[in-house]
Amino acid sequence: MPGLRRIVLDVLKTHEPKLTDLAVKLCALDYVDGVNITVYEIDKSTENIKITIEGMDLQYEPIKDIIESMNGVIHSIDEVAAGKRIIEEVRTPQDRVKY
Amino acid sequence: MPGLRRIVLDVLKTHEPKLTDLAVKLCALDYVDGVNITVYEIDKSTENIKITIEGMDLQYEPIKDIIESMNGVIHSIDEVAAGKRIIEEVRTPQDRVKY
Amino acid sequence: MPGLRRIVLDVLKTHEPKLTDLAVKLCALDYVDGVNITVYEIDKSTENIKITIEGMDLQYEPIKDIIESMNGVIHSIDEVAAGKRIIEEVRTPQDRVKY
Amino acid sequence: MPGLRRIVLDVLKTHEPKLTDLAVKLCALDYVDGVNITVYEIDKSTENIKITIEGMDLQYEPIKDIIESMNGVIHSIDEVAAGKRIIEEVRTPQDRVKY
Amino acid sequence: MPGLRRIVLDVLKTHEPKLTDLAVKLCALDYVDGVNITVYEIDKSTENIKITIEGMDLQYEPIKDIIESMNGVIHSIDEVAAGKRIIEEVRTPQDRVKY
Amino acid sequence: MPGLRRIVLDVLKTHEPKLTDLAVKLCALDYVDGVNITVYEIDKSTENIKITIEGMDLQYEPIKDIIESMNGVIHSIDEVAAGKRIIEEVRTPQDRVKY
Amino acid sequence: MPGLRRIVLDVLKTHEPKLTDLAVKLCALDYVDGVNITVYEIDKSTENIKITIEGMDLQYEPIKDIIESMNGVIHSIDEVAAGKRIIEEVRTPQDRVKY
């Protein structure tokens, strides 16, 4: 069973350690294929980032442990994908009404 | 007959169990190829999510049972696709008038 | 002659039977390759849906019969495509003036 | 010489005969590969439609004859493409000024 | 040397001769691979059109001669591409400031 | 070393010589694969153009010399790409804040 | 371990040395596959630029050293990607709320 394939996390972290170190650290998990981190808000001492992780059979707890060990706090899980292939969110006419 | 290929569900659930667990659970159904879950509204005790499921000959009732067993309620079915291949919704000039 | 290849229908239906049943039923027609149904308005007892059907040499009357047998009424045909290959609507500068 | 490859027509027609019949009729012309018809305005007795036709060495007059024989009037030709391959309209910075 | 590969022209012309005839005429030039013509403004006696021509080693003067022989006047050249392959215009952050 | 692969220039020039001549002239440089020129502002005696040049190991000075020899002045370099493959600008959430 | 694959930097620099020189210099690092630089603000003596670098196992410090040696200051790291393949940022419904 391929399990979890993608997870998108909203994270608050201090400026140090740097994004480059966090990304490389998360990729050291052997079930991680790739990590993307973008910054969407910068404050004096903190930054809000979005972390997208893709792989095979991702495990949430070890990912969370690494983020916390690098001064990050997960605010929310914004998207997950699981299964034999990664399915994208499908936009429907209801999106325009609900969102 | 390949039957139902995609179903998009608008679901209200409690924060626990987590999205990661719900996604992996739905993928355990053998006719499911992949699941995508996005969050579009978060409240103190609940969250509104959109679940996109793709596969071959999807069965609605077992999917509904899993969602309910994990503290979710299906509000509506927003899109379905069935057949030999997955057909996307076609946007027409009438969309601008009607929606 | 490959005849009709795609038809997009604006349909009003009661909530029951479900979209999943309607989609599977339409796919039982042997010239249908795939069906997509999206919901664009929900009322207390009815819903407005858009049905996109693709296949080879689609026949309008049997499609209409199935929709009506499942408590649906066709309001309008919003798009059709016919021929050896499915041609998409081409957007032109005049669209911005006329629509 | 491959001649005319695409033609986009703005047509006013009565509701009958149906779009499905008009599309199939146009495809009976042997140089037509495919036809797409979308509705962009519906009145009590008429509808404004956009017809996109693609093929090899399309002939305007026979196309016009079929449309008129099915209660349609061509208001304008909105796009044409000709040649060995179908060239798309290129958007330029001047479009934002002129259109 | 492959020379000029694409040229986009802003042209004012009388309604006659038709776009279909102009497009076919331009394709008769042996270095022309394809022609696309869109209408962006229609007046009582004239129409403003955009002509996109692609090919190998396009020659401006013969193209201009054909357009003028069919009651057209070139207002401006809006885009050109030349070289071994057709390069598209690249959008940059400065576009949002300058245009 | 493949060096410079793309350069996007903001140039002011007189109407003569024509864009077609400038594009062909730039392609005569043997390290140039293709040139695209778009017009984004036209005045009585001058025009503002954007020149996109792609190739292998592009040299800035000879390109500048050709532009100036054809009555053009480079206002700014808006984008460059260098390396084994052409990398596109990546849009990030910070773009919405900063630009 | 392929390490860091993409880094997007927000940099303030003086007009000299030119973007073309900075891009070529960064590509001389053997783990860099390609560099893209766009300008998003120009002042009398400085310019704000966005640098996108892709490669295998990118090292932040040498990149920073080159930028500083060419009169640039890194304001922020706006995006990083690491891993076996480059993962793009995934847009979610939460983006519309948070950004």
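A salt bridge is counted here when a side-chain nitrogen of Lys or Arg lies within 4 Å of a carboxyl oxygen of Asp or Glu, and across the interface of chain A and chain B that rule finds 5 salt bridges. This is a predicted model, in which local features need pLDDT of at least 70 and side-chain atom pairs count only at pLDDT 80 or more, while totals for chains, interfaces and linings use all residues. Residues are numbered from 1 along each chain as its sequence is written, chains are lettered from A and ligands numbered from 1 in the order in which they are written, and side-chain values use heavy atoms, with hydrogens and water left out.

**Chain A with chain B**

- The interface brings 29 residues of chain A into contact with 29 residues of chain B, contact meaning heavy atoms within 4.5 Å.
- About 2,400 Å² is buried between chain A and chain B, with 58% of it on carbon and sulfur atoms; buried area is the accessible area (1.4 Å probe) that two parts lose on being put together, summed over both.
- One of the salt bridges joins B:Glu54 to A:Arg85, whose closest N and O atoms are 3.3 Å apart.
- Of the side of chain A that touches chain B, the largest share, 8 residues, comes from strand 4 of chain A, strands being DSSP runs (E, at least two residues) numbered from the N terminus.
- By class, that side of chain A divides into 12 nonpolar, 5 polar and 12 charged residues, where Ala, Val, Leu, Ile, Met, Phe, Trp, Tyr, Cys and Pro count as nonpolar, Asp, Glu, Lys and Arg as charged, and the others, Gly among them, as polar.

**Chain F with chain E**

- Chain F and chain E each give 29 residues to their contact, and the area buried between them is about 2,400 Å², of which carbon and sulfur atoms give 58%.
- The count between chain F and chain E is 5 salt bridges, including one in which the side chains of F:Asp33 and E:Lys84 meet at 3.8 Å, N to O.
- Strand 2 of chain F gives the most to the side of chain F that touches chain E, with 10 residues, and that side holds 12 nonpolar, 6 polar and 11 charged residues.

**The largest pocket**

- The largest pocket holds about 300 Å³ of space, a pocket being an open set of points on a 1 Å grid over the protein atoms alone where a 1.4 Å probe fits, with protein on both sides within 12 Å along at least five of seven lines; the volume is the space filled by probe spheres set on the points, which are joined across faces, edges and corners.
- Its lining has 14 residues, of which F:His75, F:Ser76, F:Ile77, G:His15 and G:Glu47 lie nearest the centre of the pocket, lining residues having an atom within 4 Å of a point.
- Strand 4 of chain F supplies the largest share of the lining, 4 residues.
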